[in-house]
Amino acid sequence: MAEQNKLEKIVALCKRRGFVFPGSEIYGGLASTYDYGPLGVELKNNIKRSWWKYFVQDRIDMTGIDGGIILSPKLWEASGHVANFKDPLVECKKCHHRFRPDKLKDTSKCPDCGGEFTEAKMFSGLFETTIGATEEGLVTYLRPETAGAIFANYKNVLDSTNLKIPFGIGQVGKAFRNEITTGNFIFRTLEFEQAEIEYFISPDSDWSSIFEKWLEYIYGFADLIGLPRKQFFNNEIPDKERAFYSKRTIDIEYQFPFGQDELWAIAYRTDYDLSRHQEASGTNLEYFDDTTGKRFIPHVIEPTFGIDRTFLAVLSEAYDDNDGERTVLRLSPRLAPFKVAIFPLLKNKPELVEKARSVYNELKKHFNVVWDDRGNIGKRYFSQDEIGTPYCVTVDFDTLGESDSDKKDTVTIRDRDTMKQERIAISDLKAFIQKSLE
Ligand code: GAP
């Protein structure tokens, strides 16, 4: 499958089956915005849940917050975003398409129509908004990253928990950037979700080994959600391209269908953030180490993740159209929107439907389950494979014990990947499915 073609097929599947829809479509669309549909919201929530469990709940040294999208503008001034979160922009004088010159291969002419460019101007990536009913309201910004609220609450978290350095705070939520370069589906959008960690360490600690451990832990997450390590590339950002305060930054790149690009990142940001916030806010953000009696501004290691990009990577990896024969999303069961589909063999036999309903109602208490009684069984398998449902359960006449009493209260369970069917007792279904989610 040609890779660009693969992206087009994924986009089409997302629309057709309700994973992702183009934003504001009935009004002609709004570039670089998307809405997640009934299956997309399930997959995305499962990614976020897996992230939260792995990075926050499973670690003794981590906790989480859910900070605001609208924060004081002073915070974004202190962080440097107001002054520096800007990209150069050129506009084609003929077709008026806009580009970031630093992302163009040839800056002498417009790649869309060959027209001449305007001079480059700096363009802020912040979305401005005004608080208050009057025109002189307070101007602030929709957060361009989730990290800000973590720094702003670092002291509150310390004071309200028994955590001690080293410890980290994780957060998942929306971020907003007025992006110039767009395209490649949900890879770069105006509104997206991030999952970020600020890991606070002592200035005396061996930051390099803590950094390495985090990097390896991040790859454990890739394993967990079914992204093979061979698809990744660690792009070490050289000294001259790194932010001046960062001693090491790696862009964790991934081989997307449209090419290799940043999926996640990790940076050692020294004490830059908390020092800036201490200075600008006038609030003492020092940490008191009660074992050494020392006070210091903690340094931070920041692993950062884009949830939408992770969603796209997961879909790209799972998508298999078997050379056009049958599309299967080979999602890990943990991430699949539905864990199991329940079918009555025939929909016009009330006794089959009633029995299948009872299986559906029982499993629904434990998993996200889907009911399907349309068409024939083959079509239902086809339909469930396309959305990645790992198991399909069929209730047939044997389940009712009509011809063979040994098979009473057993069903066939069919595996998405092997396409093999086996007969199991209804009472064993829950444990069988549960096992695949471990
Ligand atoms: N606090 C650090 C930070 O925000 P970043 O590399 O600018 O770093 C982190 O963003 C992650 O957020 C990226 O690795 C990417 O996954 C995601 N991301 C950034 N801009 C995005 C956009 N416009 N659309 C979708 N995801 C985006």
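Q: To start, what share of the chain counts as buried?
A: Of its 438 residues, 49% count as buried, where buried means under 20% relative accessible area, exposed over 50% and partly exposed in between, with a 1.4 Å probe and protein chains only. Please note that this is a predicted model, in which local features need pLDDT of at least 70 and side-chain atom pairs count only at pLDDT 80 or more, while totals for chains, interfaces and linings use all residues. Residues are numbered from 1 along each chain as its sequence is written, and side-chain values use heavy atoms, with hydrogens and water left out.

Q: How many helices and strands are there in the chain?
A: The chain has 11 helices and 23 strands; these are DSSP runs numbered from the N terminus, helices being H or I with at least four residues and strands E with at least two.

Q: And what does the C-alpha trace span?
A: The span along the principal axes is about 80 × 65 × 50 Å.

Q: Turning to the ligand, which residues are closest?
A: The closest are Glu145, Glu179, Glu196, Glu262 and Leu263, among 16 residues that surround the ligand; a residue is counted if one of its heavy atoms lies within 4 Å.

Q: How is that shell divided by class?
A: It holds eight charged, four polar and four nonpolar residues. Here Asp, Glu, Lys and Arg count as charged, Ala, Val, Leu, Ile, Met, Phe, Trp, Tyr, Cys and Pro as nonpolar, and the others, Gly among them, as polar.

Q: Which polar atoms lie by the ligand's oxygen atoms?
A: Arginine 177 places a polar side-chain atom 2.8 Å from a ligand oxygen, and for glutamine 194 the corresponding distance to a ligand oxygen is 3.1 Å.

Q: How much of the ligand does the protein bury?
A: The protein buries 90% of the 550 Å² that the ligand exposes when taken alone, with areas from the Shrake-Rupley method and a 1.4 Å probe; for residues, only the protein chains shown count as cover.

Q: Which elements give two or more residues to the shell?
A: They are strand 10 (191–201), strand 13 (259–268) and strand 16 (299–306).

Q: New topic: how many disulfides are there?
A: A search of the whole structure finds zero disulfides, a disulfide being a pair of cysteine sulfur atoms within 2.5 Å.

Q: Where is the nearest cysteine sulfur to cysteine 110?
A: It belongs to cysteine 95 and is 3.8 Å away. Cysteine 110 is buried, with a relative accessible area of 3%.

Methods. A polar contact is a pair of N or O atoms within 3.5 Å; within protein, one must be able to donate a hydrogen and the other to accept it, and residues adjacent in sequence count only if both atoms are side-chain atoms.
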